[in-house]
Structure formats: structure tokens, C-alpha cells
Amino acid sequence: MSFVRLAQVSRHYGEVHALKRVSLEVAEGELVAVMGPSASGKSTLLNVAGGLDLPTSGTVTVDGADLAQVRDLPALRRRAVGYVFQDLNLIPSLTAAENVMLPRELDGVRTRRARAESLAVMEEVGVANLADRFPDEMSGGQRQRVAIARALVGDRRLVLADEPTGALDTHVSDEILHVLRGRADAGAAVLLVTHESRYAAWADRVVYLRDGEIVDSSLLEQVR
Amino acid sequence: MRALLRLSWRAARRSKGRSALIVAMIALPVLAITGVVTALSTMAVSEREGLTTSMGAADAYVEAFGLINPEVHDMGDGRFSMSGKGHTWTAGELQPLFPGARLVPHREESVMLEDRARYPGMEVDLRDPVSSGMRRLVEGRLPAAAGEVVVSPPMRRMGTTLQLPQRNRSVKVVGVVENPNQPMGDELVSLPGTLFGEDARNGLSGGGWLVDMPEPLLRDDVDRLIRKGIHVKSRALLQERGSLDPREDALAMFSYGFAVPAAMVAGFGALLLMIVLETAVLAGPAFAVSLRRRRTELAMISAQGGSSRHLRTIVATDGLVLGGLAAVAGAALGLGGGVAAAYVLSRFGSRIGPPDTQWVVVLPVMLLSVISGLVAALVPAAQAARQSTTAVLAGRAPDVRIRTGRPLLGLALIVAGLAATFAAHASEEMWILAAMTLVVVGLVALMPWLVARCGRLASRLPLPFRLAVRDASRHRGRTASAAAAVMAVTAAVMAFGIGYYSNYVDNRDRYVPIQPLGTLMISGEVPTTREWAEIKAKAVVTLPGATFIEAHEIREPGSEENSILMLPRQGGRCGPMCERPGGDYGIPVGDERLLRFLLGRDDPAATAAFAAGKVVVFEPGLVRDGKVRISAEMTGFPADAPAVFVAPSQPKQAGAVVPFTAAKKLGLKTWERRLYTRYTPRDEMLMLPSGASSYYEAGYRNYMTPQLWALFGVAFFFVVSGTFIATRLAAADSRPDLATVHAIGGSPRVRRLLLAGQAGYISGIGVLTGAVTGTVAGIALTWSLTERAGSVTIAIPWLFVLGVVVGLPLLAMVLAGALMRNAPPPLNRRPT
């Protein structure tokens, strides 16, 4: 069953058509990679899928809820959707654990419980030992792992990752993809934007975007 | 909220410099107000605080002078009033009323020394344990015999033997003591009988006993003694309930409610509003720049589910955190500084008690600073809530809508404020201040629009200035805020400058000298010719070589006192000069020498009239049909005497001279009690025997310069610091522009001119708008301060105005151009 569903979604910025009638579904336990050249609409697709941006037309459904009908989109992001970006991921003035806690605390969860939850999910992605470090005391890979932990905290089942390995070396990138794959296998729906076909190999399905349109969607077996 | 506070606190710590700047700006008013209040409170010694220095270790203090067998009128609620015959109690009479107690005599009065000046003196046995703590021995020993005294530290200079001219004896200084509540005050202390004579119980003032009792004196005992007519103070009661401390009284009035004039409320409210506004507009740009730096962070939070409300709260919390820090820092520094200031002042003779402050003032001021911080962060907070997360995350320029302020609201407020100023111009100053605040708030709202408008005029300027003005107009949030801060201060400073300068000019013009400038009059209020001769002799010795002209005063029949001779106005028009003919001393009676002296020249016509027995009057309005009305407090007066008006050489001089013949004709008894002479004031004081007083005519002696300088200092501080902060922020912001200018060959001079241009633009707009507002308010103030019978004095302190309007922006420009860091920035990728 699909966790996120985009149906005939378009997004225009004035004369610029960033997305054109895109339809896409990502099921729980599935990792979908989105590929395409620069300005093909990959990031817009991710923003629209998580409710950061609203489509000009078409519908986006997350966990059965039509985003056009959702009155409190930030609350949806706090509870159901987690974002991971290439950089600018963590807030420099907060420790790793505090960064991971942030969505839960914004949701009104008490500090002690939020911290316990964040430590649990940091344990899962293997960064529990970094809990009290500040972002500038961590390596790039460690920062991305913490960002993934934050994207998952609080039982969130949709991870939207925008070039999460863009600023990392190959070895660390492999580790990050490994973590994302693991989360998908544990039941999360993962939508990964990347321009490196190497990482697309980790996905269950690959979607190719060009000029805002899906030009191909193939299962992993077909890619291989 | 905890997460938000944590975020703000961490962000404040990460950018320490900027946070410190904001904290400093917000803390300044708290620091100043807390410092002054703490210093005053520490310097004010309440009766309870001064208990030990006034009573030592005694359980009670009994005054010698009281009532005997008084009638007690009970007024209910335990209150009563008493009436009866005055009585000086003796130790023998009192002892039975204080069973088992020891009465130690104590007396405080002033004592005259050989320089004829009077000094505070005290008689008590400082060696007695009951007086312990009253004075601290710092040198030598305590008096142990009659004829020995100890003095306070400043009086050490007077030598080891002091003369007491009134007692015809000398005393020996054996030590130095300090009053803990006034370490550097003048004082002499001796055993009873040395300073004031044997009869210490004459009941006139300052005499009594320190009472050492086996048990504390309780309320019932005090009541019982007071009903007997004995004035007694109980240590136990004073410690328990404090005392009639004037400050506590004021607070009690405050808390129980009393009629506060509406004008005071309006003025005070306006003042608070101005403080919050000034702080907020000064700190506002710094918050705006913080926001720009934190945009990505806020976008990240938004991506993680932070709502607009969350983002707004985060930025507002910054204001709360920094405002709170400023409140604590300002209050702490103010408390420390106030106590330190009180200590330093005590070394120059002022009083000092235990460190003390008025929390009822300090706490609201601290709250005010928290509010100021919050208000300063409100606009950036609103912008944070409006920012587009996707645009920021994509590295595009934030599409925050740039507002041109609220020009219509601003205009409406300005019009309302001007109308209010017009309506208030003849009322109290506080109303005018309140009306001016309305105009200032209006201008704050109008400022972004004004900045944008002025930016359009930049196209004809040279490149650096054009760039500066364009940049300032583009970032009008930052520019308008700083310009508004400058405007508010300039308006206040100009209003007070013009108002008080006009008041000064008005007072100066209305001043009436009562004798020629540079002359001295010595008057003797003494009953015998011998004493007057002593005064004259002393004057001759003190002013060697001076020529004295004697004059007479009126003697009340059957009395040994002088009477004051006045010339009352008889209706009709009378210039400012006839408001005080003769001043407080009255019109003199004298001969032709006196006439010549006061007239300042030889005038044959005046001398002839004077010789013919006519009063020579220096004020035309007082002579009617050749007569002047003379008043004196005795029978047969007022009476008319033949008179003639003569203008004295000294313009505006008032007064008159009565010839002996006229005085005789009016039936007045006179005696010589006055001397006139030319005199050049010297540093030393003119020491005259008691009963003599002197008046030196120095003209109008209230100088305006210090006040104007102080106002200029305030303007300088705020205009330059406000401009500097905004220019620094602008410089940080326009680093990419500076890099481009540098890359295409712009010299360091161009970059400096650009910064100077920014500073000039901000301070120029602020100062000009502020000057116009302040001038209007200042002119309104002149009505309130100088209006008399429909005439108003409006005087502009041109040099001051020029300094503020032209000098300060120029200074801000030069300082910004010269002091701002100007290294060529690297040419980076820019997110546009």
C-alpha cells in the first residue's frame, strides 16, 4: 500500500513549469530514487511530496491524507515526514541529540521523553555515541546520520532525502545509503533524490525526471 | 518553550559580539536608572539605618525639651494629640521614670570656630560603652577631659588647637573620628560642657540623654512617657517598625494611592514609551541581521515541522532572552555602580548608609528592558514567519515582502500629534512631551516610506554615495530603524534645548539688578551700634582699600529690628523691573553719595531733586503725578512722598533712594545699617560677623551652557552609536557589494566613502526629521515655560542646533569612514 501518492501534480513558478502532471507512489518499505539533470524538478518533487510546497494542480496524499485538505501542514511534517538535505541539515547551536529531538519538542513532547526517543533512534542509525556533540564537532557522514535520525524520530514513516550524499566521499556515502536502505527495509517509505546512478542501485525503483516530467520509471531489476 | 529558549540561548552564545552589542543597547537605560536609584538609596540614611550613629548602643533616647503636665486628647485608634507648657527636663526628674537605667548626656548643635563659620558639634562621652558605634576612632585618642575634642577627618587641617570665639576659650584636638554614615563630613566631638557650655540643658535644641536600660523600652512604656510630655525614642520600636523614612513615606503614598496629576501620568507614560521605542529601534536592526543569518536555520526547522508560529516565537524568544540578559546585566552593573558611586561621593562629604536600592523602581525598569528586547525582535519575528522555506533552502533570495512601513498610519499619528501639541502648548510640559511622543511614533511608522522616497533622489550623487543610499533604501528595515532611533533622540534633545534655552533667555531678560553690577552691599540686622561698628570694622579689614558708602535702614518704632521699605506698584502698567524694587532688602535711605553710587553717575538734576527732599526712583511706572507710594510695616503707611524718576546708568536696574529729609518728613526713624562698595569677588569667602548679611550684584547668574552641553552629549551618544551600529550592520551586509567594487578596481577610498555615505544617510534623515519634530515641540514648550501675560520668549540656541543638525551627521560620517574595518572582502558566490 502506498504511503505517499502524487497524482497529476504540477507546480508552476510564474512562467517556469517545475513539475508537469507527475504521478508517483511510494509504498512503506520501498526506497524510490529520483534522478535527473539539474533543474529537472527533483527538489520541487520532494518539497511537494512532504508538504513544504503545494502543487499548482493535482493531489498529494500522505498516509491517506490529501495535503490540500490538511490545515496544519507543519504538524504533518513533525509527525509523518522527515527531510534530509545535502547540507544545511543540522542547527549548529544544538547538540546532535537536541537536533534530533527538535521535531518532537516542537510537537509539544516533554524534553525528557523527546530525548529518550531521540537516543533510541540515534542508536538505530548508529550515532548514539554522538548525542552530546555539536554539528561542527562531527564529520560529514556523522552529520548526515544524525539528520536521518531526526527524519525518523517519532515514528515518522516517510523520509525525503535530497542529495544526502552530495557533499560526502564514496565510502561515507555508501554508509549513508546503507542506513537509508535499512530504514526502508524496516518499513519506512524513502524517496531519495540523487544524480549519481551508482546510488540508484540501492533503490527498489528509479524515477527519471526531465524538464518536470517523469520520462521513465523502472524497477531495480530492470535497471540492473 | 524550553526548546525555543535553548535555541535562542545557544544562538546568542554563538554570535557573542552581536549579542553583547544588543544586550549593551538594551541594558543602558536599566544601568543608568538602577545606578542612580541605588546611589540615592545608599546615600539616604533612614532613621533605622542611622540608629547606631545617632544612638550608639543605647536602648532609648530622651530629649531634654518636652512638655510638663500636658493635656492629652485621645483621637481614637490609639492616636492622640497633646498640648501643654514647654519644659526642660533634668536628669534628676527623669531618672525615677527610667528605673535601673543609666542616663548619659548627649547634645548636638553647631559650634562657631575662629573662622566665624559654624560647624556641627556633638557632646557625648565616646568612651562610654553606651555610645559605642556612634563614631569610629581613626587617629589619636578619644577626649578624656574638658577642653579636649576629636574632629572628623576633613577638619584635621585646622590645626591642633581650635578657638571657640563665642566661649572665649580654646580646645585641644586629641584625635580624629569618623561618622560611619558621613565619613567626610565636618564635625567636632567633646565631652559634655566643652563645646556648648555647662548649661547643656537650655532646651533650645539638640540636647538629651542616651539611655542604657536593663530591658528594651516597649510600646506601652513609650506611650506612657510621651503622655507625660517626654519625647522618647525606643531602639526596639525603631528596629521593629522602621521609622518615618521619607522614601518609605513616598512609597506608602504610592501604594495607598494619591492624586497623581494626569499630566504626570501622561508624561511618565510618554517617557516609558520613548525608552522602549528608543531601545527597540536601536536594537531592531541587529535583530534583523541576526534573522538574515539564521534564515537557513529557520528554514531547516520549518522543514522539520516548525510552523510559522514556531518560527515567529523563535525569533521573538531571541528578544526575550537578550532582553532578560540585558535586564540582569544592567541591574547588576547599576547596583554595583550605584553603591560604588555612593562610596566615592561619601569620600567628598555626602552621607552613606548600608547598600540599598529601590526594587519598586528597579524591577519595573528590568521588566521594561525585557519588553524592549521583545519589541525590538517583533518585526524580524514577523518576517521570519513570512519567509519562504523552499526559497531559502534552494538558496534563492528570500521573497519576504518588503514593506514601506505604514505611511498612512504614520501620517495620521503625526497629524494627531501636531494637533495635540498645539492643544497642549499652553499647558504643562508633560502634556507637550506626551504629544511629541505621538509625533515620534508616527515618524517611526513613516520612516521606511521616507527612506524609500529619499533613495530615489540618489541618482545624481557620486558613485560611493549613490551606492550607499541605494543599499540603505533597499534594506530599509535596517536603515529606517536606525534612522528612527536617531530621529527620536534628536527630537527630544531639540525640544528640550529650545524649550530650556528660551526659558533661560526669558529669565535673563527679566532679571532686575537692585544695584550696579559688581557692587557689594553689607547689611546688618543687629540691635546695637557697637555690633554694627564691629561689622563695619570687620568689613574694612576684610576688604582693605575699599571705599564704603553708608546707608540707613528703617527702624521699627519701639523695636530693635530693621523694617523693610518697599515701593508698592499702584496698578496700571509696570515693567518687570518694578516687581522687586529694592529686592529683599528694601529701599535704602541715604545721602547724595549713595545716590551717585546707585545711579552710577553724577546727575545734577537728580542731585538737585534729591537735595530738595524728593525720592529718586529708578522705575518710571512707580512715579505718579510726581509722587511715589512708600510702604513700611508700621502705622501711617503706606504713604505718598514727592518723587522723581531718573534712569540709572545700569540698564533695567530697579530701586530708589530716599533722602534723609524725606524720611524725616514721613516720620521714619532710621539707623545706619548698610554699606555699599565696589567689589571683585575672590575665591575666599567673605567672612562676616553674625547678624550681617551681604549681597553681591553679579547680574543674572544662571548659565545655560552646561545643560546644553549635557543635551548635546546625549544626542552625540545616541546619534553616533545608533548610526555606527547600523553602518556596521550595513557593512557586514554589503560585503558582496564591496567585494565587487574591489574586484572592478574600486580603491579603499571608495569603500570608505561608501561606509561614510551609509552613516551620513542614516544620521542625516534621522537628524533632519528629529530636528523638525523637536523644534515644533520645543516652541510649544516655550509657551509652557515662558508665557506671561500673553507674551512668549522663543529663543533658538543656534550653535547648539547647528551642532546637532550639521555637526553630528558629519561626525558620524567621518567616524564611520575612518574607523570601520575596510579590508577588501573575498569575492564569494552569492545566493541571489
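Among contacts in chain B (heavy atoms within 4.5 Å) between residues at least 6 apart in sequence, 81% join residues at least 24 apart. This is a predicted model, in which local features need pLDDT of at least 70 and side-chain atom pairs count only at pLDDT 80 or more, while totals for chains, interfaces and linings use all residues. Residues are numbered from 1 along each chain as its sequence is written, chains are lettered from A and ligands numbered from 1 in the order in which they are written, and side-chain values use heavy atoms, with hydrogens and water left out.

Chain B has 24 helices and 22 strands, assigned as DSSP runs (helices H or I, at least four residues; strands E, at least two) numbered from the N terminus. Of its 832 residues, 50% are buried, that is, under 20% relative accessible area with a 1.4 Å probe, protein chains only.

The size of an interface is often given as the accessible area lost when the parts come together. Between chain A and chain B, about 2200 Å² is buried, summed over both parts and computed with a 1.4 Å probe. Carbon and sulfur atoms give 62% of this area. Chain A contributes 27 residues to the contact and chain B contributes 22 residues.

Three salt bridges link chain A and chain B, each a side-chain nitrogen of Lys or Arg within 4 Å of a carboxyl oxygen of Asp or Glu. One of them pairs R6(B) with E105(A), the closest N and O atoms being 2.9 Å apart. On the side of chain A that touches chain B, the elements giving two or more residues are α2 (73-79) and α3 (96-106) of chain A. The largest share, six residues, comes from α3(A).

Definitions and conventions: Buried area = accessible area lost by both parts, 1.4 Å probe.
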